[in-house]
Amino acid sequence: MVLPFRRAVAAVLLLRLVLGDASASSHNRDGAGRFDPTRVAHVSWHPRAFLHEGFLSDAECDHLIALARKGGLEKSMVVERKSGKSVESKARTSSGVFLTSKQDEVVAGIEERIAAWTFLPPENGEPIQVLRYENGQKYEPHFDYFSDKQNQAVGGHRIATVLMYLSNVKMGGETIFPSSEDQLTQEKDDTWSECAQLGYAVKPVKGDALLFFSLHPNATTDTNSLHGSCPVIEGEKWSATKWIHVRSFGYPKETTDDECRDENDKCPKWAAAGECAKNPEYMVGTRNSPGSCRKSCNVCGE
């Protein structure tokens with residue numbers, strides 16, 4: 001939404017992400033690991049990315065790995081761009097497993113901490129996926145937002161990703177943003193892999209967490225959010241991913257014309273300012289992914 005109000009809100013949220021908010025701190029129930037705003041560092045503005053050092057304790061990292069081993073790791077899949085189906089691909093060679101939401105007190109505490117850091121509702125998140133990358137395994141650059149309508153109907157686009165590193169890696173395994181506008185400002189020495197030299201990169205450090213956004217503040221997709229996992233050269237990489245959507249994650253309920261409504265009390269004002277045409281993705285949406293101001297845009301029943 002290209003409005004002063006929306007820009008102001010976006011600016012405040014970004015400042016809170018970088019500088020933190022002490023009142024948002026969320027401690028795990030056993031006291032291990034917490035959201036500490038003083039340990040959050042800005043990584044990139046294009047895409048918007050932030051790194052939290054020590055987001056997880058060593059015990060929490062080990063616990064997630066143990067749950068993954070117990071749950072049974074399977075070959076990781078990718079989303080096919082046109083159909084939206086999960087398929088095998090040479091682009092992604094890791095193995096992984098999805099945990100159950102709030103599977104135990106440790107997982108529940110981590111999910112609460114993620115919500116405190118991102119300021120996004122817990123119900124908008126997918127279950128945490130734990131991944132293992134062995135020697136030579138990788139995930140080629142890709143987007144976390146969707147190109148197909150099928151996945152957009154289930155909570156809308158993925159707006160943000162929280163990537164938690166569960167182990168140290170001797171060499172390789174960096175997270176890379178090949179399209180980041182900040183890549184030229186990052187100095188690298190010979191401790192970085194050849195893959196990491198091709199963009200802005202973040203080394204996997206046990207306990208650290210990387211938060212990046214796949215959408216701009218106006219809800220349009222950010223092509224600078226292209227990212228990947230460099231091949232592991234020496235050691236083994238464990239990570240845990242939390243994808244967060246723009247709406248509650250789940251299949252949408254069928255609605256009737258009588259239920260067509262605005263989801264924001266400012267919709268009439270935005271519609272009067274011409275935002276239905278300027279920002280249709282947010283205001284109107286699609287048949288499978290309704291927008292937030294359909295009533296004010298007079299598209300009910302279409």
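Q: Buried means under 20% relative accessible area, exposed means over 50%, and partly exposed is in between. With a value of 37%, what does tryptophan 45 count as?
A: First, a caution: this is a predicted model. Tryptophan 45 has 37% relative accessibility, so it counts as partly exposed. Phenylalanine 50 is at 0%, so it is buried.

Q: How many residues are in the chain, and what share of them counts as buried?
A: The chain has 302 residues, and 50% of them count as buried. Its secondary structure comprises seven helices and 16 strands.

Q: What is the average pLDDT of the chain?
A: pLDDT is the predictor's confidence in each residue, from 0 to 100. Here the average is 83, and 82% of the residues score at least 70. Residues 1–13 stay under 50, and the model has 18 contacts for them beyond four places in sequence. Residues 17–32 are also below 50, with 42 contacts beyond near neighbours in sequence.

Q: Which aromatic pair does tryptophan 45 form?
A: A pair of aromatic rings is described by the distance of the centres and the angle of the planes. The structure has five aromatic pairs. In one of them, tryptophan 45 partners phenylalanine 50. Their centres are 5.9 Å apart and their planes are at 85°. Planes over 60 degrees apart count as edge-to-face, and this pair is edge-to-face.

Q: What about phenylalanine 98 and tryptophan 243: how are their rings placed?
A: The centres are 6.4 Å apart and the planes are at 50°, so the pair is tilted. It links distant parts of the chain. Phenylalanine 98 is in strand β6 (residues 95–98), tryptophan 243 is in strand β16 (residues 237–245), and 145 residues separate them. Phenylalanine 98 has a relative accessible area of 45%, so it is partly exposed. Tryptophan 243 has 8%, so it is buried.

Q: Which residue lies over the face of tryptophan 243?
A: Arginine 158 does, at 4.0 Å from the ring centre. Another arginine is placed over a ring: arginine 48 lies over the face of phenylalanine 213, at 4.3 Å from the ring centre.

Q: Arginine 48 is in strand β2. How many residues of β2 (residues 48–52) are buried?
A: Five of the five are buried, so the strand is largely enclosed by the rest of the structure. Arg48, Phe50 and His52 point one way from β2, while Ala49 and Leu51 point the other way.

Q: What joins β2 to strand β1 (residues 40–45)?
A: Five bridges join the two strands, which run antiparallel. A hairpin connects β1 to β2 through two residues. Valine 40 stands opposite histidine 52. β2 also pairs with strand β13 (residues 209–213), in the antiparallel sense, over four bridges. There, phenylalanine 50 has leucine 211 as its bridge partner.

Q: What is the strand order in the open sheet of four strands?
A: The order is β8-β14-β11-β12, with antiparallel pairing. β8 (139–142) and β12 (200–202) each have a single partner strand, so one side of each is left without a neighbour in the sheet. Neighbouring strands are turned by 15° against each other on average, direction ignored. Within this sheet, β11 (residues 175–177) and β14 (residues 227–229) pair over two bridges. Isoleucine 176 has glycine 228 of β14 as its bridge partner.

Q: Is arginine 132 buried or exposed?
A: Arginine 132 has a relative accessible area of 18%, so it is buried. This residue is in strand β7 (residues 129–133). Setting aside residues up to four places away in sequence, arginine 132 touches Arg69, Leu73, Ser94, Ser95, Gln137, Glu236, Lys237 and Trp238.

Q: Where is threonine 100 found?
A: Threonine 100 is in the loop between β6 and α3 (105–118). Its relative accessibility is 52%, so it counts as exposed. Threonine 100 and proline 127 are 27 residues apart in sequence, yet 6.0 Å apart in space, C-alpha to C-alpha.

Q: What share of the contacts with a separation of 6 or more comes from residues 24 or more positions apart?
A: In this chain, such residues account for 75% of those contacts.

How values were computed
Residues numbered from 1 in each chain as written. Predicted model: local features only at pLDDT ≥ 70, side-chain atom pairs only at ≥ 80, totals over all residues. Heavy atoms only, no water. Pairing = 2+ DSSP bridges. Axes fitted to C-alpha atoms, helices over the stretch in contact; angles between N-to-C directions. Phe/Tyr/Trp six-rings, centres within 6.5 Å; stacked < 30°, edge-to-face > 60°. Buried < 20%, exposed > 50% of the residue type's maximum accessible area, 1.4 Å probe, protein only. Lys NZ or Arg CZ within 6 Å of the ring centre and 35° of its normal. Contact = heavy atoms within 4.5 Å.
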